[in-house]
Amino acid sequence: MTTLTNPPGPAKTPGPVDVHQELYGARLPSWGPRAVLGGAVVVAAALYVLAGVNVMLAALIVFAISLLLPVWSVVVEGRRKATDRLVTVLVTSSFVLAMFPLFSILYTVITKGTKVLGVDFFTFSMRNVVGEGGGIYHALAGTLLITGAATVISVPIGMFTAIYLVEYADGNRLSRWIRFLVDVMTGIPSIVAGLFAYALFVLFFGEGVRMGIGGSVALSVLMIPVVVRSTEEMLKLVPNELREASYALGVPKWRTVSKVVLPTALAGIVTGITLAIARVIGETAPLLIIAGATDSVNFNLFDGRMASLPVFAYTSVRNPGVPPEFSIDRAWGAALTLLLIVMLLNLIARLVSYYFSPKGER
Amino acid sequence: MIRKKLRVAAPAAMLALALGLSACGAGNEDSSSDDGAAPSGDSVSGTLNGAGSSAQEAAVGAWKAKFQTANSDATVNYDPVGSGGGREQFIAGGVQFAGSDAYLTDEELTGAKEKCESDIVEVPTYVSPIAVVYNLDGVDDLNLSAETIAGIFAGKIATWDDAAIKADNPDAELPSTKITPVHRSDDSGTTQNFTDYLSKAASSVWTDEAAQTWPIKGGEAAEGTSGVIAAVGGGDGTVGYADESQAGELGKANVKVGEDFVAPTPEAAAKVLDTAKAVEGRDATDIAVDIDRTTEAAGVYPIVLASYQIACQTYSDADTAALVKAWLTYVTSTDGQSAAADAAGSAPLSGDFATKVQAAVETIKAA
Amino acid sequence: MASTLDPRRKRSTIVRPGDRIFSGLSTSAGILILIVLAGVAAFLTIEGIPGIFASPDDVKSGQSFLPYVWPLVYGTLIAATIALIISVPIAIGVALFISHYSPRKLGQVLGYLIDLLAAVPSVVYGLWGIGFLAPNMAPIYQWLEDNLGFIPFFAGPASATGRTIMTASIVLAVMILPIMTAICREIFLQTPRLHEEAALALGATRWEMARMAIFPYARSGIVSAAMLGLGRALGETLAVAMVLSVSAGTVTANLISSTNPSTIAANIALSFGEASGKTVNVLIASGLVLFVITFLVNFAARAIVDRRKEFSGAN
């Protein structure tokens with residue numbers, strides 16, 4: 001029964017007030033924080049409605065009034081408690097602040113994207129479609145295949161590298177270089193990754209090569225560092241006691257890693273991989289260069305141009321034709337579809353961590 | 001137990017999903033040509049790949065649709081990577097045709113001829129008026145001379161009630177709003193043509209040369225045609241230049257030609273090709289033209305973008321040659337040009353010029 | 001120690017095939033990454049060198065390479081720095097909120113939502129930046145110019161459309177927020193519960209618990225998260241290209257005008273399509289410069305982290 005919430009309020013400790021005071025010191029009434037927040041919201045809302053201040057300013061007013069809570073606390077409870085209250089206000093505000101763009105973007109994508117959704121949108125390609133109609137089947141298939149292949153390439157490489165760094169390297173020179181260069185790799189601009197993949201494939205297949213798998217390679221360059229970094233951090237957090245316990249039982253190292261360390265870190269690793277996929281699934285520039293653009297369905301990763309959702313959305317927005325509405329609506333639909341895919345992935349990731357993580361305290 | 005099962009089931013399910021996916025084509029695509037109407041004898045098949053100008057993309061989309069409907073076994077792909085990229089890839093032999101907002105330079109021409117081992121066919125396929133778009137409350141009709149446009153974009157004319165603008169619009173009520181000129185931040189054929197116009201038609205005011213990159217500092221910059229439209233639409237007193245077909249709700253200025261003010265319409269833009277001069281020293285199949293920006297002919301709109309398609313004259317492979325020829329024949333035909341006019345708002349080629357273009361395309365053959 | 005116990009020593013020298021394969025796989029994966037990176041570096045160098053020494057005619061601005069690339073470097077660093085300054089504290093705050101402040105169930109849902117943001121394609125961020133953020137920021141910039149204009153950052157003239165480097169940085173901050181939040185959150189959740197409870201049992205407030213138990217444990221992870229975010233901010237292409245109103249060759253401290261320096265990645269995207277011949281090499285050379293910058297920035301960050309290694313959470 002461990003809870004991380006505040007120590008129980010006065011209601012739960014019946015008895016003379018003096019004893020309570022002595023044990024906990026003076027405290028704000030339990031309704032204090034709520035009252036301050038409520039007051040702040042009411043004032044801001046009133047100003048918003050009556051004085052017509054804009055939304056951002058209203059939010060700022062809520063924040064400013066919330067800061068009264070730590071001030072009040074410093075008077076009643078003393079500095080330590082007041083600092084705690086201040087941080088609570090700051091943490092909560094940063095969260096609310098982050099929610100602003102989040103909801104703004106989600107709202108935009110969903111309202112604009114749902115217009116075109118329908119059976120045809122998911123089962124039709126753009127072949128021979130001008131103006132209204134058509135769908136994203138070709139781009140959806142391309143995105144799934146290209147990103148899938150990128151995942152198949154990056155996840156083993158990334159995970160094994162992380163395992164090497166944490167379990168085998170012992171901080172040797174090679175590992176320090178790898179760790180450093182992986183960080184450098186995160187800064188490769190996506191368009192450079194695309195150019196690199198193109199140059200690489202030209203070496204083998206000649207000029208003008210366009211392949212879905214080339215897109216996967218470009219995405220892998222972007223994806224591997226994210227997988228390595230997140231996996232490494234998660235592996236580092238596995239307590240050494242677990243490893244030692246396993247060695248003490250005579251379990252070989254590789255079985256320790258695969259049966260003890262990895263499952264313990266699984267939830268985090270899976271989150272990391274999902275993030276890595278999310279990071280690359282919306283990439284446009286490299287795919288435009290190496291996977292090209294087409295209106296038709298192509299299931300073969302190793303032959304010819306392959307459409308993908310981000311490229312589709314980008315080209316639809318950029319050169320919409322006349323009238324532009326149909327094309328732009330389709331672009332938003334494609335963006336929404338990307339979001340849905342990642343949502344689904346997240347869901348799968350959660351299920352995986354739920355079912356495969358060792359049942360422990362968490 | 002459950003965990004064991006899941007461990008097996010998950011990859012299996014993914015595999016099944018992948019297989020299921022690969023099993024079915026798109027709802028609107030027929031793998032076989034059972035359209036009822038059997039393809040006529042001269043229909044072509046195969047895959048034709050092109051790359052280049054993104055300005056042409058909407059038009060190419062329309063051409064592809066019609067072309068692929070007529071030739072159900074043919075697939076045309078076009079990567080809108082930009083004109084420079086298209087020319088590079090064509091010269092490197094990566095694509096069978098290129099779309100480009102500028103004709104090949106002499107150096108590029110040599111490279112292209114080497115790669116083709118023959119002459120090349122270079123034809124204007126997409127001619128589109130570039131409108132001076134503006135967003136100004138209360139002003140629906142605006143006339144501008146070349147010098148005024150240059151002054152506005154150079155930052156020398158700062159407010160809408162400037163004497164120069166008033167002189168062009170004696171009847172209009174102009175507010176004193178500040179002018180915010182918007183230009184393209186990306187390199188583009190549109191900028192090239194617009195600055196070419198300014199430097200030739202208003203050489204006293206505009207001292208920079210024509211360039212794909214906006215040559216002067218200052219002003220607002222936006223990416224792509226859609227970006228310029230959004231930026232102009234987003235402010236008051238803004239003015240920019242963009243494809244006429246994309247202007248939407250924005251006001252489009254009439255440009256002074258001779259003594260009249262001409263609206264940016266496809267018809268007025270099409271006429272400019274009749275006054276255009278052929279580039280010297282080019283083969284008969286290389287129809288590269290320099291547009292006459294200073295024309296005074298009535299009803300001609302001089303700020304246009306002429307975008308080309310470039311192909312080899314001979315291809316070693318007979319199928320490819322047939323495919324390229326069929327494609328370009330359709331693109332330059334009356335049908336093709338009117339399809340592009342509908343879908344992309346371009347100015348259709350017509351008259352003698354169209355005949356000349358079609359004759360050039362006719363020379364494409366297998367080696 | 002082992003030498004005194006003969007049988008044990010013998011056993012420890014037995015090489016199990018599984019171990020050998022496993023360590024071999026891990027090592028080769030690591031080395032493969034080095035090869036890939038070497039490949040990228042080689043590609044950039046081979047294609048970029050002719051660009052660095054290109055004659056001024058081939059460089060867009062008609063100058064030699066250095067004056068051409070310097071404003072881009074400046075813009076890249078400014079945009080990434082502002083983005084990081086904005087988003088690191090917020091990411092830590094959000095992660096802490098989700099992991100330790102909010103009710104468990106709510107936290108999970110919110111974390112899920114933020115993860116979703118990571119998948120929004122750059123195009124959508126760009127459209128959001130142009131369509132929503134910039135117009136809403138424009139009055140704020142005007143206010144900043146009027147009231148704080150004496151600070152060089154806000155000297156103005158304020159952009160009428162709000163498409164400034166500040167706006168681009170905010171878009172970048174929003175873009176890198178999800179990945180940083182997610183990593184910080186996972187790490188905060190991994191803090192040994194015993195440490196947390198020990199701190200609370202000693203009478204620490206929640207903040208003191210966070211400061212004494214969570215942060216020391218998570219420090220290395222937070223830096224990793226920030227590095228990942230920085231990497232993305234430095235290399236982001238399309239969103240910046242769409243949002244920023246660039247003016248070639250600008251170097252200015254002014255954050256709110258419509259005359260802004262471009263970033264390297266955005267400049268490549270904006271110029272690549274129309275580039276041909278040597279100009280392409282110039283652009284790739286600018287990519288090489290970005291690569292070197294990332295290299296240096298990471299080098300510095302590593303040095304800082306290593307100096308504080310004694311606090312690292314890894315056992």
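Analyst: A residue is called buried when its relative accessible area is under 20%. By that cut-off, Arg282(B) and Glu122(B) are both buried in this predicted model. Their side chains form a salt bridge in which the closest N and O atoms are 3.6 Å apart. The two partners are 160 residues apart and link distant parts of the chain: Glu122(B) belongs to strand β4 (residues 120–135) of chain B, whereas Arg282(B) sits in the loop between β12 (277–278) and β13 (289–290).

A second pair in chain B is formed by Asp196(B) and Arg293(B), with 2.9 Å between the closest N and O atoms. Here helix α7 (residues 189–201) supplies Asp196(B), and the loop between β13 and β14 (304–312) supplies Arg293(B), with 97 residues separating them. Both of these residues are buried as well.

In chain A, salt bridges with shared partners connect Arg179(A), Asp183(A), Arg229(A), Glu232(A), Glu233(A) and Lys236(A) in one network.

A further salt bridge brings together the side chains of Asp295(A) and Lys64(B), at 3.1 Å from N to O. Asp295(A) is in the loop between α13 (285–290) and α14 (309–318) of chain A and Lys64(B) is in helix α2 (residues 57–70) of chain B, so this pair joins two chains. Asp295(A) counts as buried because its relative accessibility is 17%, and Lys64(B), at 6%, likewise counts as buried.

Over all chains, the structure holds 27 salt bridges.

Note on methods
Residues are numbered from 1 along each chain as its sequence is written. Chains are lettered from A and ligands numbered from 1 in the order in which they are written. This is a predicted model: local features need pLDDT of at least 70, side-chain atom pairs count only at pLDDT 80 or more; totals for chains, interfaces and linings use all residues. Side-chain values use heavy atoms; hydrogens and water are left out. A salt bridge is a side-chain nitrogen of Lys or Arg within 4 Å of a carboxyl oxygen of Asp or Glu. Helices (H or I, at least four residues) and strands (E, at least two) are DSSP runs, numbered from the N terminus. Buried means under 20% relative accessible area, exposed over 50%, partly exposed in between (1.4 Å probe, protein chains only).
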